[in-house]
Amino acid sequence: MDLFGRGDDGDDGEPRVALFVDGPNVLRGEFDVDLDDVREAAAAAGRPATTRLYLDEHATPELVQAAEARGFEVVVTSGDVDVKLAVDLTRFAVEGRADVVAVASRDTDFKPAIEAANACGLRTLAIAPGEHGRSDALRNAAGESVTLDGDADA
């Protein structure tokens, strides 16, 4: 049990994983990312506490519908996707709503949010959309990293 009254894992002994996906940076043609692969990469760390896909106002209704059909909670924002995702990730960490936070992105803007989760004692996972979409800053800030083309490191 930590200072916030959290256990090390969920009620069933499996860590709770909060997945935050940066849609505009991950769902790009050059990466050919399947949302099922992103979810599976996070699920390898434990059971889902939340599975969120962040999109901007330009997202098509078909994309929203497809993501929801795959079990994602879709968050559409008219402002900066990065800010909303970082704030939500940090809130999950501070409030103890997960044991592991995973962020799927290639954007170094999430480094401070990952560092905040680390400071709260959570496991952190950076999921890169591909070898050419990997952020070394995110990879170095997170305790663990996965590249969707199959390269995983601890």
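## Close-up views of the predicted model

**View 1. Helices H4 and H5 pack side by side in contact.** The axes of helix H4 (residues 81-95) and helix H5 (residues 111-119) come within 9 Å and cross at roughly 5°. The model shown here is predicted. Angles under 35 degrees count as roughly parallel, so H4 runs roughly parallel to H5. On the H4 side, the contact is made by Ala86, Leu89, Thr90 and Ala93. H5 contributes Ala113, Ile114, Ala116 and Ala117. Sorted by class, this contact of H4 with H5 has seven nonpolar residues, one polar residue and no charged residues.

**View 2. Strands E5 and E6 pair in the parallel sense.** E5 spans residues 123-128, and E6 spans residues 144-147. Four bridges join the two strands. Alanine 128 stands opposite threonine 147 in E6.

**View 3. A β-α-β unit is built from E5, H6 and E6.** Helix H6 covers residues 136-141. Together with strands E5 and E6, H6 makes a unit that is right-handed. The strands of this unit are the parallel pair E5 and E6.

**View 4. A salt bridge joins aspartate 36 and arginine 70.** The closest N and O atoms of the pair are 3.4 Å apart. Aspartate 36 lies in helix H2 (residues 35-43). Arginine 70 sits in the loop between helix H3 (61-69) and strand E3 (73-77). The two residues are 34 residues apart, and their pairing links distant parts of the chain. In total, the structure holds eleven salt bridges. Side chains of opposite charge can pair when their charged atoms come close.

Definitions and conventions. Residues numbered from 1 in each chain as written. Predicted model: local features only at pLDDT ≥ 70, side-chain atom pairs only at ≥ 80, totals over all residues. Heavy atoms only, no water. Axes fitted to C-alpha atoms, helices over the stretch in contact; angles between N-to-C directions. Parallel < 35°, antiparallel > 145°, perpendicular 65-115°, else oblique. Contact = heavy atoms within 4.5 Å. Nonpolar A, V, L, I, M, F, W, Y, C, P; charged D, E, K, R; others polar. Pairing = 2+ DSSP bridges. Right-handed = clockwise from strand over helix to strand, strands pointing away. Salt bridge = Lys/Arg side-chain N within 4 Å of Asp/Glu carboxyl O.
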